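Dear colleague,

I am passing on the structure we spoke about, and I would be grateful if you could look it over alongside the notes below.

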Amino acid sequence: MQPALIFDIETVPDIAAARRVFGFEDLSDEDVYQAINLKRRIESGGEFQKHFLHKVVAISAVLKTDQMLKIWSVGDVDSDEKVIIERFFEGIERFQPTLVTWNGGGFDLPVLHYRALLHGITARTYWDMGDFNRERKWNNYISRYQFAHLDLMDVMAGYQPRAVAKLDEIALLLGLPGKMGLSGADVLDQYRAGDIKAIRDYCELDVINTYLVYLRFQLMRGWLTPVQYQIACDELAQSLNNPNQSHWQAYNQAWLNK
């Protein structure tokens, strides 16, 4: 079985980049933050910034291969953005996995594209569309309708924007715990407080939800039998029962009690 890398990112507004892009050199960080929020509200009616102004503060993942199941956040708590993104793309280079996301095509990957561009990060296998490996022409990470990157939200909606759903909603629909602890709106406050671990923990729970939705998707499309699906769920439950990871244990307990 080809390895699968299920991942999610957490971001905050990049104040330094906004200062350069919009010429806010004379403003404080807080004034830049307020200015870009006002600018964005005028442009779009909301404060969600354009992709290139999102600074990556966490990437969490589940890696499933024939030999292992691993759950982790890339880098260390004090790793800077460049290191985190470099290690993410190094993992793709090493394992050449199927990438699995929820709205990764709409958010996570475009953000990573811009931020890798900013930091000068090489990701040859990721960007290969048949130039280095001819097989990548038909199975690459960039093309929307190829499953080298499986955006579960996009696929389940039949590529129809009106049919999309939030990960939390689908997790709850399937009897999973859904989001626990923080929400996306809390990430900036935790970042400002210096609590990167809380952000990484939250991100890990999101990828656990995504992985379980992915397993159900693989069952639905016939790539897992019911027995294989249950084995995969049991393997995850065993991994989550880790005394060193209290947030995993809390998720596991909530999952078992559903």
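Predicted model: local features only at pLDDT ≥ 70, side-chain atom pairs only at ≥ 80, totals over all residues.

Residues are numbered from 1 along each chain as its sequence is written, and side-chain values use heavy atoms, with hydrogens and water left out.

Helix α1 covers residues 15-22, helices being DSSP runs of H or I with at least four residues and strands runs of E with at least two, numbered from the N terminus. Its buried residues (under 20% relative accessible area, 1.4 Å probe, protein chains only) are I15, A17, A18 and R19, and they pack against β1 (4-13) and α2 (29-44), where contact means heavy atoms within 4.5 Å. At the start of α1, a side-chain oxygen of D14 comes to within 3.2 Å of the backbone nitrogen of A16, while G23, just after the helix, has a positive phi of about 70°.

V12 belongs to strand β1 and is buried, its relative accessible area being 2%. Beyond its neighbours within four places in sequence, V12 is in contact with residues including L53, H54, V187 and Y191; V56, 44 residues away in sequence, has its C-alpha 6.7 Å from that of V12.

Finally, the lining of the second largest pocket receives at least two residues from each of α9 (196-220) and α10 (226-240).

Conventions
Buried < 20%, exposed > 50% of the residue type's maximum accessible area, 1.4 Å probe, protein only. Polar contact = N/O pair within 3.5 Å; in protein donor to acceptor, adjacent residues only side chain to side chain.
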